[in-house]
Structures are given as C-alpha cells and as structure tokens.
Amino acid sequence: MAAAALASAASPAFAAADQASHTFELRGVVPVVCRADFQSAVQEQADGVIQLGSTQEFCNAGQGYNVIVDYAAGQDAGALIVDGREVALNGSGSAVIAAVSGPARQGRQIAYRPGDTRLSSLRIRVQANFA
C-alpha cells in the first residue's frame, strides 16, 4: 500500500516532465544568385525580324529582379521582341526587357527588329532588386 501511495505521488511530477516544451531555432544565410544563360538560334525571317534565340534565367532574390540588355549606344537601334512583346532600343545603351517581382526560374524567346543602326553586340544580364 505504501508503494501505491508513493507511485501515485510521483505521477504528477512525471506528467509535468512529459509536457515540457522545447524550442529549437535554426538560422542560415542564403546568398543571392542571379544568372541568365543564352541559347543562340539565329534565323532571319522574311519580314526582316531576326530570331536570336532564348534565355534561361534564374534569380533567387526575394524582392525580384530585372533582365537587362546592354548594347552599343546609337540612334534607332530598333527593337527586341521578347516573348512577343516589343521593347524599343532607344539608343541609351541598355534596356529592361523584363521585370520580375519575386524569385523565379523561367525562359524567354528573343528576336530583333533592326532599326536604322543594326546592333553589333548584345549582352543579357540579370540584376537583383534589393530595395
């Protein structure tokens, strides 16, 4: 009987230990990585538009990113056609061809409609948004 009284007296203490909670916190730093890979597939069409190829872009920036093309500045360089949407190349030497609001991985088709001054080079880059 004394053993039964001792066991029942000890039970609440064991129950309290079983209901205890613990917190575990894990933190890490993930670097921002942004890139664009270009697959060339140049083909001139009858209407004068030149199919350039496609890009595969990746950026894990939480605030999104811009896809920018850089080209030799000049007058009336024409326009890029990005997934069917025309982006004028105003002669400044760079143009945003896409603005993405969050992290993404996607591809784009790119064509070129020449202006009075044809492009001699084109560079595609991805710029993360940090603000």
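Me: Which residue in E8 is the bridge partner of Tyr65?

Reply: This is a predicted model. Strand E3 covers residues 65-71, and it pairs with strand E8, residues 122-128, in the antiparallel sense. The bridge partner of Tyr65 in E8 is Ala128.

Me: How many bridges join E3 to E6?

Reply: E3 also pairs with E6, the strand at residues 94-100, and these two run antiparallel. Within this pairing, Ile68 has Val96 as its bridge partner. The number of bridges joining E3 to E6 is 6.

Me: How many of the residues of strand E3 are buried?

Reply: Tyr65, Val67, Val69 and Tyr71 point one way from the strand, and they are buried. Asn66, Ile68 and Asp70 point the other way, and they are buried too. The count for E3 is therefore 7 of 7 residues, with buried meaning under 20% relative accessible area.

Me: Is Gly93 buried or exposed?

Reply: Gly93 sits in the loop between strand E5 (85-88) and strand E6 (94-100). Its relative accessibility is 12%. The cut-off for buried is under 20%, so at 12% Gly93 counts as buried.

Terms used: Residues are numbered from 1 along each chain as its sequence is written. This is a predicted model: local features need pLDDT of at least 70, side-chain atom pairs count only at pLDDT 80 or more; totals for chains, interfaces and linings use all residues. Side-chain values use heavy atoms; hydrogens and water are left out. Helices (H or I, at least four residues) and strands (E, at least two) are DSSP runs, numbered from the N terminus. Buried means under 20% relative accessible area, exposed over 50%, partly exposed in between (1.4 Å probe, protein chains only). Two strands pair if DSSP finds at least two bridges between them.
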